[in-house]
Amino acid sequence: MLLEDKTAVIYAAGGAIGGAVARAFAREGARVFLTGRNVAKVDAVAKEIVAAGGVAETAQVDALDEKAVGEHLNTVVERAGGVDISFNAIGPGPTPGRIPLTELAGDAFARPIAFYTSSNFITAAAAARHMSGQGSGVIVTLTAVPGRMPARLIGGAAPAWAAVEAFSRSLALEVGPAGIRVVCLRSHAIPETPLIEANFATAAPAAGVSPAQFQAMLEQGTLLKRLPTLAEVADTAAFVASDRAGAMTATVVNLSAGNITD
């Protein structure tokens, strides 16, 4: 198993991506500590993991609360002896209003940037402090295609993703000598997730098409003529968090199905 004897902390584990990654980590042998603001959703994921023979514990943690994140990590280290993997599945949220940048209010533009970057900074920095003491660890972040490619009518989401990618590289430089790796996953839209379904519902009318047609347009814009799946993203997260990806850091993993060619 890729992650046997590893301890992983996952933020927003009750969401579609967080839950999928949690299941993949547990399936690969990791002991997972799942957190989220909605503990009922987190508990549901944990029950699935335990029913499948995995080990999972849950806690209600707001990943924007620096004190709460720090206290939870202290508890994890006390219970498990350390923390090997940190994964933040929080995103900048849905885009209900499709407003051109030049017509967007300043606070509306800045809101997703502040939310997304703050959460990633708080969780990654807290994990790095613990990992430095043990001389190893992997921090995995999550972004999306508009962090690299221009996208219409998504406000501050694209700059937020780009900022997290830049932060991931800078953090990797700083913590690399302590044996800590930082890897960012950049995915295209995943139609299986409720967030993408909600975003398609607002993006499609703005583009003058139906949600199904909008999805088809995105699929045709990739080399594989399809979008990534939750399983593909989760399995990739498990690989980059494993020792088999031991030379991989300060990089962004391209999960765009060929929408971006590196």
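Buried here means under 20% relative accessible area, exposed means over 50%, and partly exposed is in between (1.4 Å probe, protein chains only). These views come from a predicted model, where local features need pLDDT of at least 70, side-chain atom pairs count only at pLDDT 80 or more, and totals for chains, interfaces and linings use all residues. Residues are numbered from 1 along each chain as its sequence is written, and side-chain values use heavy atoms, with hydrogens and water left out.

**View A. His188 sits in the loop between β6 (180–187) and α6.** Helices (H or I, at least four residues) and strands (E, at least two) are DSSP runs, numbered from the N terminus. With 11% relative accessibility, His188 counts as buried. Skipping neighbours within four places in sequence, its contacts (heavy atoms within 4.5 Å) include Val145, Leu218, Pro228 and Asn259.

**View B. Phe200 and Phe214 make an aromatic pair.** Rings of Phe, Tyr and Trp (its six-membered ring) pair if their centres lie within 6.5 Å; planes under 30 degrees apart are stacked, over 60 edge-to-face, and the rest tilted. Here the centres are 5.4 Å apart and the planes at 70°, so it's edge-to-face. Phe200 is in helix α6 (residues 194–207) and Phe214 in helix α7 (residues 211–220), so the pair ties together parts 14 residues apart in sequence. Phe200 is buried at 8%, and so is Phe214 at 15%.

**View C. The largest nonpolar core has 45 residues.** Such a core is a set of buried Ala, Val, Leu, Ile, Met, Phe, Trp, Tyr and Cys residues joined through side-chain atoms within 4.5 Å. Helix α1 (residues 16–27) gives the most, seven residues.
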